[in-house]
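Welcome! Take a moment to look at the sequence and the 3D view before reading on.

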Amino acid sequence: MNITSLEHEFTEQDQEFMRLAMELADKAQSQGEIPVGAVLVCDNKVIAQGWNQSIQLHDPSAHAEMIAIRQAGSAVQNYRMLDCTLYVTLEPCPMCAGLLVHSRIKKLIYAAADLKTGSAGSVFNLTASDKLNHQLEVQSGLFAQQCSAKLSAFFKRRRAEKKALKATKAAKQ
């Protein structure tokens with residue numbers, strides 16, 4: 001499938017939904033989680049939303065996308081999300097990209113690329129693999145700088161906290 005990243009290709013509604021995903025990323029960060037948020041939209045209405053909760057739920061699958069799609073399945077009483085668009089602040093990992101394929105999401109719009117585990121075009125492209133039974137339309141780059149900066153700041157702060165903790169432990173010995 002085609003991956004595009006030109007800012008002018010995003011509608012005002014795309015921007016509105018991504019801003020909501022960014023608010024959810026802030027919620028994740030306020031809970032000590034990696035700041036990623038996701039919003040699932042069908043017929044121009046938000047049907048589900050999620051934010052990273054892996055740490056607090058002790059669940060490696062509790063990514064923003066997973067939570068939103070699980071919520072949507074309950075809301076629509078179906079495991080297929082036909083004609084839905086997922087807005088997410090970070091490119092999905094392999095686990096989440098696989099979920100998007102299995103749930104038949106029509107379109108993915110993500111903000112920041114994930115150059116370590118991104119699976120919607122950066123490192124892998126599970127969302128467009130002709131070896132799988134479904135492919136998604138993918139657009140990237142909407143508010144990429146803001147989302148990338150938020151993630152970078154989070155990990156920089158986290159590394160500093162770990163370093164300070166290590167120094168404190170060493171000083172006590």
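Here is a short briefing on one helix pair and the pockets.

This is a predicted model, where local features need pLDDT of at least 70, side-chain atom pairs count only at pLDDT 80 or more, and totals for chains, interfaces and linings use all residues. Residues are numbered from 1 along each chain as its sequence is written, and side-chain values use heavy atoms, leaving out hydrogens and water.

**A helix pair**

- Helix α3 (residues 64-76) and helix α4 (residues 94-102) have axes that come within 9 Å and cross at roughly 25°; helices are DSSP runs of H or I with at least four residues, and strands are runs of E with at least two.
- The two helices, α3 and α4, are therefore roughly parallel (angles under 35 degrees count as such).
- On the α3 side the contact is made by E65, M66 and I69, and on the α4 side by M95, C96, L99 and L100 (contact means heavy atoms within 4.5 Å).

**The largest pocket**

- Its volume is about 590 Å³.
- Among the 23 lining residues, I34, L90, D114, L151 and F155 are the closest to the centre of this largest pocket.
- Helix α5 gives the largest share of the lining of the largest pocket, five residues, and α2 (54-57) and α5 (144-172) each supply at least two.

**The second largest pocket**

- This second largest pocket has a volume of about 160 Å³.
- The second largest pocket has 15 lining residues, with D14, V41, N44, T85 and Y87 nearest its centre.
- Two or more residues of the lining of the second largest pocket come from each of α1 (12-30), β2 (37-42), β4 (84-90) and β5 (107-112).

Methods: Axes are lines fitted to C-alpha atoms, for helices over the stretch in contact, and angles run from 0 to 180 degrees between N-to-C directions. Angles under 35 degrees count as roughly parallel, over 145 as roughly antiparallel, 65 to 115 as roughly perpendicular and the rest as oblique. On a 1 Å grid over the protein atoms alone, a cavity is a set of points where a 1.4 Å probe fits but cannot get out, and a pocket is an open set with protein on both sides within 12 Å along at least five of seven lines; lining residues have an atom within 4 Å of a point. Grid points are joined across faces, edges and corners, and a volume is the space filled by probe spheres set on the points.
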